[in-house]
Amino acid sequence: MQTTEVGQNSEIKQVIGSLCMMNNRFMNFMLDDNKKAAQVFLRVILGDDKIKVRNVRIQSFIQNIYGHSSQLDILALDSKGRYFNVEVQRSDEGAPARRARFYSSILDTHFLQPGKLYEELPDTYVIFITENDVLHDNLPLYNIRRRIDENAKCFEDGSRIIYVNSQRRDDTALGKLMQDLYCTEPKNLHYHEFAERMEFLKYSKEGEEKMTDVIEEYAARKAEALAKEAARKAAKEAAKKAEEKEQANRIELAQGLLADGMSIEFTVRHSKLTEAEVRELASKLSA
């Protein structure tokens, strides 16, 4: 029993040790109520060292009574009253243009209170950090704003959508931030604002306890994988037994046909055995 517990603890530590910020849940723990870390993200991505984060929340659920509701990965508010929604997407399917549009719209409906003027609608930024270059132009950053087609001027409605290509990990400030997203060791991080939190989460008992749901999620995925493997093996075994039974039926039929004096060709056609198998049966019957 003790050996099993030691093995499980070792596996848990291995799982925690392998986590990086491109893991959505781990990113949540890294930024949960961590204004300094969230500030680094926003300052580097937006190229603005004056951004001051007042509040940061993870997994913010925004209810839409008329349609689709949403759960935002990270929602930050800065000193200018601007809202920033940061989404980490490892799957290309998780970052379509219309999802970004929807998130932008749901922020608008949520933060303009009844009785307020449209001019009081806060500026919003929806930021997708993607594992792959989902917009396919090999750019490190895609800043998306509305514009007037006839004169190419920006239509300043206060909404911005930004895609960050995490594959561009060069020596720029943004590139180093992207390197940090894939880093699993606190000592190797470029931005010290991340290092302290990662050290706490990965190498303290309190941090491990804080990440209980990550570990439970891992355990659930492992149990699901084991169940699928068991089901696959059971299906394979059942298929093997069914084939063995079918083969036995084919042999029994062939033996009967041969015993009734049917030809090799007739027996092959009706028993579905190969000619070699039928000839072998025939030689045994005549022996």
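Reply: What follows is a close look at one helix, its surroundings, and then a charged residue for contrast.

This is a predicted model, so local features need pLDDT of at least 70 and side-chain atom pairs need pLDDT 80 or more, while totals for chains, interfaces and linings use all residues. Residues are numbered from 1 along each chain as its sequence is written, and side-chain values use heavy atoms, without hydrogens or water.

Start with helix α3, residues 35-46. Helices and strands here are DSSP runs, numbered from the N terminus (helices: H or I, at least four residues; strands: E, at least two). α3 has 12 residues. From first C-alpha to last it reaches 16 Å, close to the expected 16 Å. That expected span is 1.5 Å times one less than the number of residues. After α3 comes G47, whose phi is positive, near 65°.

Which residues of α3 are buried? They are A37, A38, Q39, V40, F41, L42, V44 and I45. Buried means under 20% relative accessible area; exposed is over 50%, and partly exposed lies in between (1.4 Å probe, protein chains only).

Now the core. A nonpolar core is a set of buried Ala, Val, Leu, Ile, Met, Phe, Trp, Tyr and Cys residues, joined through side-chain atoms within 4.5 Å. The largest one holds 43 residues. F41, I45, I127, I129, L177 and F194 touch the most other members. α3 gives this core its largest share, seven residues.

Leaving out residues up to four places away in sequence, F194 touches M21, M30, A37, V40, F41, L177, D180 and L189. Contact means heavy atoms within 4.5 Å. A second, separate core has 15 residues, including Y83, Y103, Y142 and Y163.

For contrast, take D133. This residue sits in the loop between β4 (124-130) and β5 (141-144). D133 is buried but has no salt bridge. A salt bridge is a side-chain nitrogen of Lys or Arg within 4 Å of a carboxyl oxygen of Asp or Glu. The nearest side chain of opposite charge is R168, 6.9 Å away. For charge, Lys and Arg count as positive, Asp and Glu as negative; His and the chain ends are not counted.

What lies around D133? Beyond four places in sequence, its contacts are N138, L139, Y142 and N165. A polar atom of the D133 side chain lies 2.6 Å from the backbone nitrogen of N138.

Terms used: A polar contact is a pair of N or O atoms within 3.5 Å; within protein, one must be able to donate a hydrogen and the other to accept it, and residues adjacent in sequence count only if both atoms are side-chain atoms.
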